[in-house]
Amino acid sequence: MADLLPVNPYRGTRDFLPEEMAVRQAVFSKFYKVIETYGFQRYDGPLLEPAEIYEAKSGREIADQQLYTLTDRSGRRLALRPEMTPSVARIVARFAGQLDFPLRWYSHVNCFRYERPQRGRVREHWQINCDIFGSESEVCEIEIFDLVHDLMAAVGATREQYVLRVNCRVIAESAMRHIVGVPEESLPQVFQVVDRWEKVTEEERVADLAEAGLDDKRIERLNEVLTGDGGFVDELPADELADSNIAKLLKRDERNLFKFDPLIIRAFEYYTSTVFEVFDTDPVNRRSLFGGGRYRDLAGLFTTQKIPGIGFGMGDVTVLDFLETHGLLPTPRIGSDVAVIPVKAQLNEAARTVTRSLRAAGIKTILPLVERSLSAEMKRAGRNGCRAAVIIGENEWHRRAVTVRDMRTGEQSEVPSDQVVDRVTQILQAEPGTD
Ligand code: HAM
C-alpha cells in the first residue's frame, strides 16, 4: 500500500471545524455589523498579486523574509498577499475615474506571511481591513478610532482591557531632529531601533543606537521623548506639524480617544503620518490586535492621481486570543432545529414533503442520510442539538398527520401535517437558541 499523506495542515495554517467556525462567524458577524453602521462597503480582490506591489513599500521584513513568492508557467513573479493594503490601493487606483470619493471600504481576507509560528503569529491569518480613501481630514482619524472602540465594545470588551496606541511619523521625525538631535542620515536606523524597542533588552537598544551614531546624551533624550507623556509635541516647530492630524487632535485634547505613544512606529514604508496599534492590556497577549495608519500616496504606485488613504487591519488570531483571555468568547449552538424521522424507508417521500415545508419556513431541518432505527435517529437528533423531532409513522401518515416531539420536555403529540410548521415554531420559540 502506498504511504498515506499527512493529515496535518501546512505549518502555521489552520483547519477550522464547524464548532470553531461557528464561534468565528458569531464574532465576525458582529464586526461586519458595526463596520456597516459606519457606512463601510465590502470589496474583495485576488490572493495572488505581482510580487513587486509588496516589495515596493511594505517594508523590508515583509519583502525579504515573509513573502511567499512563486513563478507562474509564463514566468511572472507572483506573491500570496501578506496584507491587503497594496491590493486595495491598486483596486482604488484602477477604478478611480468611476469612484465617488471619499470611500469607506472593508474586506475580510486571508493573508500569508512566512513567520515563525508562535502565540499570536501564524502563517495564514484572516484580517478585516477598513480603509477610507480620498480625504486628508482629521475627521478620518476620529472615525477610524471611534470604529476601533465600537468594534471592541461589540464583542464585550471594556476600555480597561485594551489600549489604542497612536503615534505620528511627522511628529516622530520632527522630534528626532529638533529634540533628540538625530542626524538626518541616521533617522531610518533609529526608527528601526524604536520599532523593536519593547522586543529587545536595554543593552541591545543602547548598542544599536550607538551604532546608529547617537552619543549618550542623545540616547538619554531619546529615552525621555519615547517614554514621557508627549509634552514635547508643543516644543516642535508648528510648520513641520502642518500635515499631522494627530498633532491637531492632541491640541484639541482628544486624549480619551487614544493614547499618544511615541513607541509606535510600524515597519511599513507606506505610512506617512498617523500610525497606530491596539494591544491587550493583559500581558499574556503581546501581539497587536489591530495595526494601521495613514498613507498619503500608496496609490501612487499605480496612478498619478493623488489618493490618500487611512485604515487598519484587524487579525483573527489576536482578537480571538483576546476574547478567550477575557472570557468573552461567544458560545453559539451549531446544531439543527428539527429532525424529521420516517419510521421506515417507504415513508421517505413523506419525510421529504414535511422537511421541505419546515425548510421553506426557515427552520434548520435534517432528515436521515443512512438507514437506522428510530431510537438511533432520535439519539442522533438529541446530540445534534435538535429541539424538536417530527416522526413520520405509517398509520398517522394515512390520516395526514405526524408525531411532533419536544426534545427538551419529552412531550409528544399527533399534529395534522399542515400544522407541523406552527407546532415546531411553538417549540422553538419556547426555548430560543443562542444564535
Ligand atoms: P499589520 O500590523 O501587519 O498591518 O497587521 C494587522 C493585524 O493583522 C495585526 O495587528 C495582527 O492582528 C494581524 N496579523 C498580522 N500578521 C499576522 C500573523 N503573522 N499572524 C497573525 N496575525 C497577524 C497591516 O497588515 C496593514 N496592511 C494594515 C492596514 C490597513 N494599514 C492600513 N490599512
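Predicted model: local features only at pLDDT ≥ 70, side-chain atom pairs only at ≥ 80, totals over all residues.

Trainee: What makes β6 a mostly covered strand?
Mentor: Buried means under 20% relative accessible area. In β6 (residues 124-133), 9 of the 10 residues are buried.

Trainee: Which strand pairs with β6 over 7 bridges?
Mentor: Strand β11 (residues 309-315), in the antiparallel sense. Within β11, Phe312 is the bridge partner of Cys130.

Trainee: Why is strand β7 called largely enclosed?
Mentor: Because 6 of its 7 residues, 162-168, are buried. The rest of the structure largely encloses β7.

Trainee: What makes β7 and strand β8 count as paired, and in which sense do they run?
Mentor: The cut-off is at least two bridges. β7 and β8 (residues 259-260) have 2 bridges, so the pair qualifies. They run parallel. Arg165 has Lys259 in β8 as its bridge partner.

Trainee: And how many bridges link β7 to strand β9?
Mentor: There are 7, and the sense is antiparallel. β9 covers residues 274-280. Its Asp280 is the bridge partner of Tyr162.

Trainee: Where does the "binding site" label come from?
Mentor: From UniProt, in an unreviewed entry. Such annotations may be inferred rather than shown by experiment. The record places the feature at nine named positions, among them Glu83, Arg113 and Tyr270.

Trainee: Why is Glu83 called buried?
Mentor: Its relative accessible area is 3%. The limit is under 20%. So Glu83 is buried. Glu83 sits in the loop between β4 (77-80) and α4 (85-95).

Trainee: How do you know that the side chains of Glu83 and Ser58 make a polar contact?
Mentor: The distance is 2.6 Å. The cut-off is a pair of N or O atoms within 3.5 Å.

Trainee: Is Tyr270 buried or exposed?
Mentor: Buried, with a relative accessible area of 3%. Tyr270 lies in the loop between β8 and β9. Beyond four places in sequence, the residues that Tyr270 touches include Lys57, Ser58, Glu83 and Arg294.

Trainee: Now the whole chain. What radius of gyration does the chain have, against that of a compact globule?
Mentor: The chain has 28 Å. A compact globule of 435 residues would have a value near 22 Å. The C-alpha atoms fill a box of roughly 95 × 55 × 50 Å along the principal axes.

Trainee: How far apart are the centres of domain 1 and domain 2?
Mentor: 53 Å separate them, taken over C-alpha atoms. The assignment gives residues 18-325 to domain 1 and 338-429 to domain 2.

Trainee: What share of the residues counts as buried?
Mentor: 49% of the 435 residues.

Trainee: And how many helices and strands are there?
Mentor: The chain comes to 15 helices and 16 strands. Among contacts with a separation of 6 or more, 69% join residues 24 or more positions apart.

Key: Residues numbered from 1 in each chain as written. Heavy atoms only, no water. Domains from an automatic or database assignment. Buried < 20%, exposed > 50% of the residue type's maximum accessible area, 1.4 Å probe, protein only. Helix = DSSP H or I, 4+ residues; strand = E, 2+ residues; numbered from the N terminus. Polar contact = N/O pair within 3.5 Å; in protein donor to acceptor, adjacent residues only side chain to side chain. Contact = heavy atoms within 4.5 Å. Rg over C-alpha atoms; globule rule 2.2 N^0.38 Å.
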